[in-house]
Amino acid sequence: MEETGALSAAGERLAFLPPAALAGVVRYFHVERASPGPVLVPSTPSAMLTFFVSGCSLAGGTRFDRAMLSGPLTRPFAALWQADTTFVSALIEPEYLPLLFDVDAAELSDMPVTLADLPSAPDCEALEALLPTLPSPRRWALALAQWLLALLDRREGLRETFILPRTMLALSTDDIATRYGMSVRQLERRHLASYGLTLRDSRKMERYVHALSALLLLPPSRGLLTRIAMDAGYHDQAHMVRDFTHYTGMAPGALMKGAQEEQELRLYRYEEPYREIVARHR
């Protein structure tokens, strides 16, 4: 797979699937190369772990140039990247945040932090020093994968992981609590700590992710938005528009048009074959 071609003025973004040992823990690895200027980081149910190869990100009045971590994003997150900003990120299933980093996902929702500032921060200096010496984006992703595997081995069994299969979100909260043998209050508390979202918000986010994935993959056509809304579980197209406005700040059609034209929305835009990796429904 070619990954070292000439960069455009807008930089380059690539995506790589995780190794089999991280399947179910990491959704994919995202690489951004020399991608300057303002950007809106999309809402996502995933946690994001980012290591910089060069440059930095300015977000919320804070400069990030070392490894950073965030939980789920329920709103698009505005950032400003320097001209030479290059980084590799792992999009992590949020239920693994408590195990990997000994922190509740809810504590990091909508708020990136420097990894070194975590109470139980793992050592990341060796990887930070290694990344700029590696020759290609794929090698950056592999190095981050190896670091995560080593961290997972060290943390395995130190903290219980609560995992709720996404198919169970279709059930009522009472039914889920009964199946897990706990009260509704206990279920909500465990789910919030693992996923950073309430069960209600997880259902809402799941519909949005399903619809966004379809929009990224399917060519525009008459009736497409209505069909996507039904497939994703929305009551109607207006229901989908309301959720997209909440999660992206704009309606689905406007978002897809803007992604092709506006540099600030470039994280909604991937070339093949990376688009299929990013958009594959979990």
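This is a predicted model: local features need pLDDT of at least 70, side-chain atom pairs count only at pLDDT 80 or more; totals for chains, interfaces and linings use all residues.
Arg13 lies in strand β1. Its relative accessibility is 10%, so Arg13 counts as buried, the cut-off being under 20%. Setting aside neighbours within four places in sequence, the residues in contact with Arg13 include His30, Val31, Glu32 and Ser35. Further along the chain, Arg266, Leu267, Arg269, Tyr270 and Tyr274 are also among the contacts of Arg13.

The strand that carries Arg13 belongs to an open sheet of six strands, paired antiparallel in the order β1-β2-β9-β4-β7-β10. Strands β1 (12-16) and β10 (113-114) form the edges, each pairing on one side only. Helix α3, spanning residues 137-155, packs on this sheet. The strands touched by helix α3 are β1, β2 (26-33), β4 (47-54) and β9 (86-92). The direction of helix α3 makes about 140° with that of β2.

At the β10 edge of the sheet, the pairing partner is strand β7 (residues 68-70), which runs antiparallel to β10 and is joined to it by two bridges. Met68 has Thr114 of β10 as its bridge partner.

Stepping back to the whole molecule, the protein chain contains 10 helices and 10 strands. Its radius of gyration is 19 Å, close to the 19 Å given by the globule rule for 282 residues, so the chain is as compact as a globular protein of that length. The C-alpha trace spans about 50 × 50 × 35 Å along its principal axes.

Of the 282 residues in the protein chain, 53% count as buried, and Arg13 is itself a buried residue. Considering contacts between residues at least 6 apart in sequence, 71% join residues at least 24 apart. The protein chain exposes about 12,900 Å², of which carbon and sulfur atoms supply 54%.

How values were computed:
Residues are numbered from 1 along each chain as its sequence is written. Side-chain values use heavy atoms; hydrogens and water are left out. Two strands pair if DSSP finds at least two bridges between them. Helices (H or I, at least four residues) and strands (E, at least two) are DSSP runs, numbered from the N terminus. Contact means heavy atoms within 4.5 Å. Axes are lines fitted to C-alpha atoms, for helices over the stretch in contact, and angles run from 0 to 180 degrees between N-to-C directions. The radius of gyration is taken over C-alpha atoms; the globule rule is 2.2 Å times the number of residues to the power 0.38. Buried means under 20% relative accessible area, exposed over 50%, partly exposed in between (1.4 Å probe, protein chains only). Accessible areas come from the Shrake-Rupley method with a 1.4 Å probe; for residues, only the protein chains shown count as cover.
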